[in-house]
Amino acid sequence: MINWLRKKENREILSWVGGGLVVIVSGLWALYTHFDKPSQTSPPTPAPITTGDIHSRGDTLVGSGIIDKRSYNYSGLTDIELAKQMGVAEAAVKNFFKILDQKHIPIAEWDNTLRQLAERYKELQKRAVLLESEDPEVRSLQDDAKQAIDAAEFEKAEALLAEAVDLDNAAAEKFQANFIKRKRSAADSQALIAKSLHTRFALPEAIESFQQAIELAKQGEDENQVAEYQWRLGVVYNDNASYDQAIASYENALNHYSALEGEDSTNVATLRNNLGISWAGIGEYDKAIAYFEKAVVVHVKALGEEHPNVAMNWNNLGAAWADKGEYDKAIAYYEKSLAVDSKVFGEDHPNVARDWANLGIAWRDKGEYDKAIAYYEKSLAVDSKVFGEDHPNVARDWDNLGIAWRDKGEYDKAIAYFDKALTVHRKVFGEGHPDVARDWNNLGIAWANKGEYDKAIAYYDKAVVVHSKVFGETHPDVAMDWNNLGAAWADKGQYDKAIAYYDKALRVLSDKLGNNHPHTKSARDNMEIAKQKITERRKQ
């Protein structure tokens, strides 16, 4: 079958029958989850912490890197032409098709599989090239790695490059004259490993790898390299909800760029934006707002008011004011962000869809569910048009619509939307992704609202397994899953079990977010309610 398909005339037939290309477009997105605020004092019922709102704070920026993911047109092309289109060697293309054959990859998945193989090929090629060494053993390993890359033997190439990096470090110590150059090269290689780990959501490993890159860069006496990796380390810390460490890393980078470029540098403004996001993560919304305001002043001065970075700052200010419960202020900032994005990009752009979605969240927080739904549907229309239905941005819109319908008491409608979001996330990311866990959590809340507590518990259990595997057990998302499990068991009258889950949640939330954060207060209130129920039961 593979040999038949690799002939040009046969692939032209397949192209005619298939009817076109599969287009896959993806980008960086930073999804910041917006949670309900526990403001009610009665009736005293345990409240799940909702994690479904996708509160798009705007990108956490690191430099100006853009990942361009595109589909490959393998129909009607020779291996040489396809290699040129994919940016790989002809030999690699031949081996890619061998992999498709050996693994029995369905034709419908060829485009995605070829893109993944090509991206990994190019990533490893870049790492191999960056490894600069005059040591014969290192060069030999480097050559062997390049051959393994061309043969699409990526695990072998990874092992060879890792061995080469270790050997290069050892050689650097031995040959003092080349020490600095080697350390900088090793730092670059280690940082590329860290970036790859971050992309794959291997966050603890990415943190360790960036720390190693920073140490190598320090030994290489390159302050710019050190600052860049501290910046990137801050982003990983933030994604891991290690907000204190993120703030420390950002501040280290900020000190460097402030001294090097001055206070009015756009790099300084972007770091302040990132600091604002981390301070918001631990519930310090006033500090976050102060950083966002400093960032927007510099961006307006350097770039003008009608620039996407300015819109991003307005967006983040809106999110911070929404977190403080100042929904009218949030709406005003979101509308400013929308005005800039619409003018710069036009209506049919993902940034505009993000602004619609955030306006929907703010109106939902005000209890205006029909307005929220209208905004979510606008966001959905843009995202569906730009990306097609099988895209995470579209799944975000399904999630937000599900939450709004759930808040209106339309639980079956909500469940239908959550199921659609789950289908997309599983297809795009697989089972072990945080977005899939969020969908399990949303489904659990909806089924609990319907009184189906056993179903809710089953969904919460799935969510906590994924979140624990990705983030570890000391992450706020894991704690909120435990809180929701506690609420479900309390609804079943199993208050001892509920208290055990609330206690686990409270320990993590107090440590990570502080005692005054809304999520911490919610878990504490839920525990007190459960304890009161046990006391009342004993009196009967």
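Here is a quick tour of the chain, from its overall make-up down to a few single residues. Keep in mind that this is a predicted model. The chain has 540 residues, of which 53% are buried, and its secondary structure comes to 24 helices and two strands.

**The chain as a whole**

- Among contacts with a separation of 6 or more, 63% are between residues 24 or more positions apart.

**Nonpolar cores**

- The largest nonpolar core takes in 124 residues, and Leu401 and Leu443 have the most contacts inside it.
- If you skip the neighbours within four places in sequence, Leu401 is in contact with Ile373, Tyr376, Glu377, Leu380 and Tyr417.
- There is also a second, separate core, made of 31 residues, with Leu82, Ala83, Phe96 and Leu100 among them.

**Where α5 meets α6**

- Helix α5 covers residues 110–130 and helix α6 covers residues 136–150; the two pack at an angle of about 170°, and their axes are 10 Å apart.
- Angles over 145 degrees count as roughly antiparallel, so that is the label for α5 against α6.
- On the α5 side, the residues in the contact are Tyr121, Leu124, Gln125, Ala128 and Val129.
- Facing them from α6 are Gln142, Lys146, Ile149 and Asp150.
- Sorted by class, this α5 and α6 contact brings together five nonpolar, two polar and two charged residues.

**Two loop residues with positive phi**

- His104 sits in the loop between α4 (90–102) and α5, and its phi is near 55°, a positive value in a residue that isn't glycine.
- Is His104 buried or exposed? His104 counts as exposed because its relative accessibility is 67%, and the cut-off for exposed is over 50%.
- Ala152 is in the loop between α6 and α7 (154–174), and although Ala152 is not a glycine, it has a positive phi of about 60°.
- With 11% relative accessibility, Ala152 counts as buried, since the limit for that label is under 20%.

**Ile534 in α24**

- Helix α24 spans residues 518–539, and Ile534 is part of it.
- Ile534 has a relative accessible area of 14%, so it is buried.
- What does Ile534 touch, not counting residues up to four places away in sequence? The list is Tyr495, Asp496 and Ile499.
- For the pair Ile534 and Tyr495, the C-alpha to C-alpha distance is 6.7 Å, while in sequence they are 39 residues apart.

**Leu254 in α11**

- Leu254 belongs to helix α11, which runs over residues 243–261.
- Leu254 is buried too, because its relative accessible area is 11%.
- Setting aside neighbours within four places in sequence, Leu254 is in contact with Val268, Leu271, Arg272 and Leu275.
- Leu254 and Glu228 are 26 residues apart along the chain, and their C-alpha atoms are separated by 10.0 Å.

Key. Residues numbered from 1 in each chain as written. Predicted model: local features only at pLDDT ≥ 70, side-chain atom pairs only at ≥ 80, totals over all residues. Heavy atoms only, no water. Axes fitted to C-alpha atoms, helices over the stretch in contact; angles between N-to-C directions. Helix = DSSP H or I, 4+ residues; strand = E, 2+ residues; numbered from the N terminus. Parallel < 35°, antiparallel > 145°, perpendicular 65-115°, else oblique. Contact = heavy atoms within 4.5 Å. Nonpolar A, V, L, I, M, F, W, Y, C, P; charged D, E, K, R; others polar. Buried < 20%, exposed > 50% of the residue type's maximum accessible area, 1.4 Å probe, protein only. Core = buried A, V, L, I, M, F, W, Y, C linked by side-chain atoms within 4.5 Å.
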